[in-house]
Amino acid sequence: MDSVKQSAALCLLRLNRTSPDLVPMGEWTARVVHLLNDQHLGVVTAAASLITTLAQKNPDDFKTSVALAVARLSRIVTSASIDLQDYTYYFVAAPWLSVKLLRLLQCYPPPEDAALRSRLTECLETILNKAQEPPKSKKVQHSNAKNAVLFEAISLIIHHDSEPTLLVRACNQLGQFLQHRETNLRYLALESMCTLASSEFSHEAVKTHIETVINALKTERDVSVRQRAVDLLYAMCDRSNAKQIVAEMLSYLENADYSIREEIVLKVAILAEKYAVDYTWYVDTILNLIRIAGDYVSEEVWYRVIQIVINRDDVQGYAAKTVFEALQAPACHENLVKVGGYILGEFGNLIAGDSRSSPLVQFNLLHYKFHLCSVPTRALLLSAYIKFINLFPEVKVTIQDVLRSDSQLRNADVELQQRAVEYLRLSSIATTDILATVLEEMPPFPERESSILAKLKKKKGPGNLPDIDDNRRNMNGSAETTESSEAAPVVAPQFSPSLMTDISTNRPRPASSSSFMYSPRTLNTSQPFTDLLNLNSPPATGASLLVDVFSDSFTTAAAEVSEESFTRFICKNNGVLYENQLLQIGLKSEYRQNLGRMYIFIGNKTAAQFLSFSSSVASSETLQTQLNVHAKPVDPLIEAGAQVQQILNIECVSDFADAPVLNIQFRYGGALQSIAVKLPVMLNKFFQPTEMMSQDFFQRWKQLGAPQQEVQKIFKAKHPMDTEATKTKILGFGVALLNGVDPNPVNFVGAGVIHTKSTQVGCLLRLEPNTQAQMYRLTLRTSRDSVSQRLCDLLCQQF
C-alpha cells in the first residue's frame with residue numbers, strides 16, 4: 001500500500017507538471033497534506049515534492065502543511081542515524097527528505113504560532129550545530145549530503161529574514177566555507193553570502209569576511225568563483241568600506257576575464273556613485289575606470305559623470321583640471337576624449353588662468369586627438385570648439401581655420417559637415433552677446449534617476465530579481481541614506497548628499513544628426529532597460545506599441561486587502577511584502593524626520609506579459625489629511641520575468657493610525673487580476689532617535705507623568721526572549737537604546753522624537769522582560785495620548 005501511495009503522489013506531480021489544468025485539488029488537498037504524516041518515509045518524500053509544487057501555485061490551500069513539515073523535520077534532525085537506518089545516507093539521516101521539507105517551508109513566511117516557530121528555530125539551530133561537528137566519515141558522499149541539508153537550511157533562514165541570531169550564525173558558517181578546499185563549497189558560500197549581505201541583521205557579520213573575499217578575488221583559479229567574489233564585494237559595500245572595495249575591484253579589473261569586465265565596470269561605477277561623499281574621489285575613480293577598461297565603459301557611465309559634474313559647482317574646476325591632465329597621456333581611450341571634450345568645453349575657463357592649461361593649450365590637446373576618433377566623438381569635439389570660441393575669444397581665429405578646412409566643410413560624413421558649416425557661420429555673424437546666449441553654460445540636469453543600475457540589471461538578465469534590501473537600516477534605527485539610490489536635491493524630499501541622484505536616463509543615444517549642442521540629457525537609449533532598481537521614468541513613446549484597450553474594464557470589485565506581512569515591517573524597512581504564483585512585491589524604504597521614500601518592486605514571475613498594468617495608492621479620507629503619499633507612474637506593460645519599480649514620496653502631516661493600501665491591477669492570460677496590499681507605513685517610521693543621559697531621561701519621564709500621556713501593557717512573549725534580538729527590534733523601531741539608564745540592567749530603555757509636519761512628539765519607552773514568566777511589560781510616555789497608544793500597539797506585536 002505504501003508503494004501505491006508513493007507512486008500516486010509521483011504520478012500526480014508528473015501530471016501537474018505536464019497538464020496543470022487537469023489536476024483537481026479541492027477535496028484532495030487535505031488528503032495530500034496528510035501524507036506528510038505517513039509512517040513510510042518514501043511516501044513522505046514523494047508528498048513533499050508534490051506539495052511544494054502545488055503550494056507554489058496555491059499557497060493558501062496548503063498552509064496546513066507548514067506545521068506537519070516542521071514536525072517531521074524536527075523528528076529527522078533530532079533522531080540518531082540508527083533510528084532511520086533505511087533512510088540514512090552515509091551517517092546523514094534522510095538528507096533528501098530534509099532538503100525537500102526545507103524547500104517546502106520556503107514557500108511560506110515564518111510561522112505565526114510561537115510554539116511552531118520556536119520548534120522550527122530549534123531545528124535550524126540543530127542543523128547549524130551538526131555542521132560544526134567533526135565528520136563521521138571521510139567519504140565525499142557524507143560531506144555532500146550534510147552540506148546539502150545545511151545550505152537548504154541557510155536558504156530558509158535567509159528567506160524568513162526574521163531571526164538575527166540564526167542569520168549571524170549562518171553567515172559565520174558560510175565564512176568557514178570561504179577557505180574550503182572544495183571549489184563548489186566556496187562558490188555556494190559566496191553566493192549565499194551575497195543574499196545575507198542584503199539583510200539588515202547580518203550585513204555587519206558579512207563585512208567581517210571582506211579580507212577573505214578580497215583574497216579569493218586575487219587567488220581563485222575558477223572564474224565563476226571570482227565572479228561570485230565580485231558580487232559579494234558589491235553586496236557588502238557600504239560607506240565604511242566603499243573606497244577599499246572600489247580600489248580592489250579596479251585592481252582586479254586590470255587582469256579580469258573579458259567575459260565579466262563590463263559587469264565589473266558597471267558595479268564600480270555604481271558603488272563610486274552611491275558612496276561618494278567626496279566628489280573628487282568619484283571623478284578620479286571614473287577616469288581611472290576609463291583608463292583601465294575604456295572599451296567596457298558604456299555610454300551610461302560617462303553620461304553620468306558629466307551630469308554629476310554639471311550639477312555640482314564645487315567639483316567642476318577639479319574635474320576640468322583632472323581630465324586635462326589625463327588627456328596629456330600619449331594614448332587615451334576615446335571615452336576619455338569624450339569626457340574631456342565635454343568638460344573642457346563647459347568648464348575649461350576654470351583652469352585657463354594657468355599658462356600650462358591656457359585656452360590654446362586646451363584646444364591643441366583636444367584637436368591632437370581629433371583625427372584618431374570616431375565620427376560621433378569628432379562631432380562632440382566640434383561642439384567643444386564652438387564653446388571655446390565663446391569662452392576664449394583669443395582662440396577664435398585658430399578654431400575658425402579648423403572649421404574652414406576642407407576636411408571639415410567637405411567631409412564625407414554629413415553630420416560633421418553640417419556642424420562645421422553651421423558653427424563657422426555662427427561664429428562669423430553672431431555678436432558677442434548672441435554667441436554668449438546661444439552657447440551659455442549648460443544648466444543643471446533635472447534630478448532623476450541613474451541609468452547605470454539599469455544597465456547592470458539588463459546585463460544580468462530579466463529573470464534575476466535584484467537585492468531589494470539594498471537600503472539597509474542602521475543600528476540606530478535610521479535609514480542609511482548613503483546607500484539610497486536617490487539624493488533628489490531638486491525633487492523633494494531630499495535625503496542625503498549621495499551621488500546616486502534621481503536622474504532619469506532612459507534616454508536616446510546620440511545620433512549623428514542630433515541637436516546643435518552635445519547635451520547628455522538629449523542622449524537616450526533606444527530601448528527601455530529592464531531596470532530592476534530604477535524604473536520611475538515615464539514609458540518611452542517608441543518603446544511599446546501596445547495600447548491599453550482594456551482600461552475601461554478596471555471597474556471590478558475591490559480585491560481583499562492583504563495584511564499578512566504588515567507587522568513584519570514594523571521594525572524593518574526592507575523585504576518581500578507580498579508574493580503569489582504570478583508576482584512578487586518587495587520594498588525598501590527610507591525616512592528622515594517627517595519625510596519618507598518607498599521603493600516598491602513588482603516582479604513578473606510568469607512566462608507571459610502583464611498587460612494594462614496599473615499600480616496606485618489609496619488612503620481613507622481621514623488618513624489623507626494625516627499622510628501625503630505621491631506615487632510615480634509605472635509602465636503599463638511588464639515583460640515575462642521582468643520587474644518594475646514604483647517610487648512613493650511620503651509626508652507625515654500629523655500622527656496617524658491607519659495605513660495606505662497599494663492597489664495593483666493587470667491582465668494575465670486574458671483575465672483581469674486585482675491585488676490589494678496594506679503598505680507598512682507606520683507612525684514609528686518617522687522616529688528620530690534621541691540620546692539622553694540618565695538624569696535627563698528621568699527628568700523628562702517625570703514631566704510626562706500625566707495619566708493620559710502614559711500607556712502600559714503587559715503581554716505574553718510570542719517569540720523567544722533573546723536579548724540581542726530584542727535590542728535589534730527596539731533599534732529597528734526607531735528609538736535610541738539608552739544603556740545604563742535603568743537601575744535594572746535587564747530592562748530596555750529608549751528615547752526618540754516623532755516628526756510630523758505640524759509638530760514634534762517626544763517619546764520615552766521602557767520594556768521590562770520577565771524570562772521566568774515569559775512576559776513583558778511595556779510602558780510608553782509621550783506628549784500626546786494618541787501617539788502613546790499607537791506606538792504601544794505597534795511595538796508589543798514584535799515580542
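The largest cavity of this predicted model is lined by Pro110, Arg117, Leu120, Thr121, Leu124, Ile157, His160, Asp161, Ser162, Glu163, Leu166 and Leu167. Its volume is about 90 Å³, and the structure holds four cavities of 30 Å³ or more. Three helices each supply at least two residues of this lining: H6 (114-132), H7 (140-160) and H8 (164-177). H6 provides the largest share, four residues. Sorted by class, the lining of the largest cavity has six nonpolar, three polar and three charged residues.

The second largest pocket has a volume of about 720 Å³. Its lining comprises 33 residues, and those nearest the pocket centre are Arg117, Ser162, His719, Lys729 and Gln798. Arg117 and Ser162 also belong to the lining of the largest cavity. Helices H6, H8 and H28 (723-733) each supply at least two residues of the pocket lining. H28 gives the most, with four residues. By class, the lining of the second largest pocket has eleven nonpolar, eleven polar and eleven charged residues.

The strands are described next. An open sheet of five strands has the order S4-S5-S6-S9-S8, and its pairing is antiparallel. At the edges are S4 (575-579) and S8 (627-631), each of which pairs on one side only. Direction ignored, neighbouring strands of this sheet are turned by 25° against each other on average.

Within this sheet, strand S6 covers residues 595-604, and nine of its ten residues are buried, so S6 is largely enclosed by the rest of the structure. Buried here means under 20% relative accessible area. On one side S6 is joined to S5 (residues 583-592) by ten bridges, the two strands running antiparallel. Glu590 is placed opposite Arg597 of S6. S5 and S6 form a hairpin with two residues between them, and Gln593 in the turn has a positive phi of about 55°. S6 also pairs with S9 (residues 643-652), in the antiparallel sense, over nine bridges. In this pairing, Gly596 stands opposite Ile650 of S9. S5 has a further antiparallel pairing, with S4, over four bridges. Here Val576 has Gly586 of S5 as its bridge partner.

A second open sheet has four strands in the order S3-S11-S10-S7, with mixed pairing. S3 (561-562) and S7 (611-618) are at its edges and have a single partner strand each, so one side of each is left without a neighbour in the sheet. S10 (residues 661-668) and S11 (residues 671-678) run antiparallel and are joined by eight bridges. Tyr668 faces Ala671 of S11 as its opposite residue.

| Strand pair | Bridges | Sense |
|---|---|---|
| S4 and S5 | four bridges | antiparallel |
| S5 and S6 | ten bridges | antiparallel |
| S6 and S9 | nine bridges | antiparallel |
| S10 and S11 | eight bridges | antiparallel |

Terms used:
Residues are numbered from 1 along each chain as its sequence is written. This is a predicted model: local features need pLDDT of at least 70, side-chain atom pairs count only at pLDDT 80 or more; totals for chains, interfaces and linings use all residues. Side-chain values use heavy atoms; hydrogens and water are left out. On a 1 Å grid over the protein atoms alone, a cavity is a set of points where a 1.4 Å probe fits but cannot get out, and a pocket is an open set with protein on both sides within 12 Å along at least five of seven lines; lining residues have an atom within 4 Å of a point. Grid points are joined across faces, edges and corners, and a volume is the space filled by probe spheres set on the points. Ala, Val, Leu, Ile, Met, Phe, Trp, Tyr, Cys and Pro count as nonpolar, Asp, Glu, Lys and Arg as charged, and the others, Gly among them, as polar. Buried means under 20% relative accessible area, exposed over 50%, partly exposed in between (1.4 Å probe, protein chains only). Two strands pair if DSSP finds at least two bridges between them. Axes are lines fitted to C-alpha atoms, for helices over the stretch in contact, and angles run from 0 to 180 degrees between N-to-C directions.
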